[in-house]
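Here is a short report on pockets and helix packing. Look at the sequence and the 3D structure first, then read on.

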Amino acid sequence: MIEVNPKDTPRAYAFEMWMKAPMPMVTFFKTLDVSRLIKAGKKNGLKFNMLMCWCVGKAASRVKEFFMLPVGDKLIQYDTLAVNTIVANSQGEVSSCDIPFSNDLSKFNADYLRLTRQVADTSENHDLIDSMVIGTSALAQFDIDGAVGMYSGVFNNPFMIWGRYRKGWFKTTLTVSFQFHHTQMDGAHAARFLDLLQKEINKL
């Protein structure tokens, strides 16, 4: 990762407009058809949350804005992405686990299983500071319509939240929320990411 001069990037105007805004975060909601994801998971013995995280990373890797993030008062460019998941740990609490994104699903799955198990057992967070991390939080046991993440002013990373998927007659749906810093991307970039996410799910 390297610090870049915002004026030398396509985010120059956004950096000037939104870096000092009191609330620079934007949240989109989208209902996804996850029927293919569930089918692929059951057929191959893969966890739903792992597949969602992989599809999130896969879609994000196709949107160049994800590789640049405002950190403090600087704009940082990253070479790699990671997807974060929240893990129930051995202390009865939750810990944070960053999983490096790989286009290879089998490698991502192996890293996901190894790292989440490590975090669950040790109750210690696993952080990847050299990757641009997309946060996720799965409240799979709850039926929610959406959630807006908290803006702390410390972490500007994009963040996704989802609850329990809903089974219908012909398809299974999942409502997700996606929060992003306006300096990092515009609404069109976020909407394209969510469209790509649906396409990645459909490819499974």
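The largest pocket holds about 730 Å³ of space. This is a predicted model, where local features need pLDDT of at least 70, side-chain atom pairs count only at pLDDT 80 or more, and totals for chains, interfaces and linings use all residues. Residues are numbered from 1 along each chain as its sequence is written, and side-chain values use heavy atoms, without hydrogens and water.

A pocket is an open set of points on a 1 Å grid over the protein atoms alone, where a 1.4 Å probe fits, with protein on both sides within 12 Å along at least five of seven lines; lining residues have an atom within 4 Å of a point. A volume is the space filled by probe spheres set on the points.

| Pocket | Volume | Lining |
|---|---|---|
| Largest | about 730 Å³ | 28 residues |

Asn84, Val133, Phe155, Asn156 and Asn157 lie nearest the centre of the largest pocket. Helices here are DSSP runs (H or I, at least four residues), numbered from the N terminus.

Now for two helices. α3 (residues 48–60) and α5 (residues 187–203) pack at about 125°, with axes 8 Å apart. Axes are lines fitted to C-alpha atoms over the stretch in contact, and angles run from 0 to 180 degrees between N-to-C directions. α3 and α5 are therefore oblique to each other; oblique angles are those left after under 35 degrees (roughly parallel), over 145 (roughly antiparallel) and 65 to 115 (roughly perpendicular).
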